[in-house]
Structure formats: C-alpha cells, structure tokens
Amino acid sequence: MLSISATAALWFAPFVLPICLYVCFTDMRELRITNQANLLLLIVFVLVGLVALPFDQYLWRYVHLLVVLVAGVALNAGGVMGAGDAKFAAAAAPFVHIGDLRFVMALLAATILGAFLTHRIAKYTPLRRLAPDWKSWHSGKRFPMGLALGGALAIYLVTGAVYGS
C-alpha cells in the first residue's frame, strides 16, 4: 500500500497524465522538455492540490519542489542531466508523498532502464520509420530522460489510485 491517498491520486491523474505523455513525446522528438509543460504541471499541483490534499500537506509539498529543484540545478551544472529534466523533476516532486520516496526511487530506476531499452530497441529496428525525424534517434549518447521521468510520474499516480491509502 502506498502512502499517497487514492483520492489525491485520482484527483491528480486526469490532469497530470496528458502532460506526462506530452513530455515523453516532445523529449523523444525534440530532445527537450518545454518550459510550458513544466509550468503547466506546476499549475496543476497549485490548483488541484488545494482540493486533493489536506492544507498542511499541500504546503509541505512545496518543500519537495525546492529540494528537487536545488538538486536538479546542481546535477545540471555537473552535466548529469538537462535543465528541462531538472525542471520537470522539480515540478513533479510535489505530487509524490514523502512516505513513497523509496518506492518512487525504485520506480524511477525501473522506468529509466525500461525507457532506455525501449528507446534503443526502437532506434535500431523498423519501428524507427514511424518517426524518422526525431532528434533522439541521432543524439549519440544523449537520452530523452523525459520518457522515463514522465513515465515514472504517470505510473506512480495510476498505482496510487489503485493501491493508495
């Protein structure tokens, strides 16, 4: 059982899932996560969070955003991740209940592996012909992390809707 309430996950999911899909798509196509998508994700939390969460939890979730933003800026400065990835992770952080942190870290690790393998398989098979102009096919060692980040947030919220407290 997850710590996120099923009610909160159900409130967030209809608004967040389309953004996650958009982030996955644009990062594979353009190797960038747009500021508009990150801002929209934050706006969803600001507005829906008021309804979905008790007010004290709602306010504390902004600490998640700040912590992940600082870590993301540091990782971006070190060349470990892109700026869009860091901003998306920060905007996604308030949706995660702190009690689910270990689960989310394991989920993120699994989605990174799954997204990487899926992307590489598609890159070297005829599936690539479905979207021949995507920048992620020609990016060398760069990988569209939005595929994993968006996937992890979407899976977390769907799992929270089913197995939340």
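A disulfide here is a pair of cysteine sulfur atoms within 2.5 Å. Keep that cut-off in mind, and keep in mind that this is a predicted model.

Cysteines to begin with. The sulfur of C20 has its closest cysteine sulfur in C24, 6.7 Å away, so the two are too far apart for a bond. C24 is likewise in no disulfide, its nearest cysteine sulfur being that of C20. The count for the structure is 0 disulfides. Both residues are inside: C20 is buried at 1% relative accessible area, and C24 is buried at 10%.

Next, the aromatics. The structure has 11 aromatic pairs. F45 is buried, at 0%, whereas Y62 is partly exposed, at 24%.

Y62 also pairs with Y58, again edge-to-face, at 5.3 Å centre to centre and 85° between the planes. These two are 4 residues apart in helix α3, which means about one helical turn separates them. Y58 is buried, at 6%. Ring pairs join F12, F45, F55, Y58, Y62 and F95 into a cluster.

Last, V96. What does V96 touch beyond its neighbours within four places in sequence? The contacts are R61, H64, V104 and Y156. V96 lies in the loop between α4 (83-92) and α5 (101-123), and with 14% relative accessibility this loop residue counts as buried. From V96 to L50 the C-alpha distance is 15 Å, across 46 residues of sequence.

Definitions and conventions:
Residues numbered from 1 in each chain as written. Predicted model: local features only at pLDDT ≥ 70, side-chain atom pairs only at ≥ 80, totals over all residues. Heavy atoms only, no water. Buried < 20%, exposed > 50% of the residue type's maximum accessible area, 1.4 Å probe, protein only. Contact = heavy atoms within 4.5 Å. Phe/Tyr/Trp six-rings, centres within 6.5 Å; stacked < 30°, edge-to-face > 60°.
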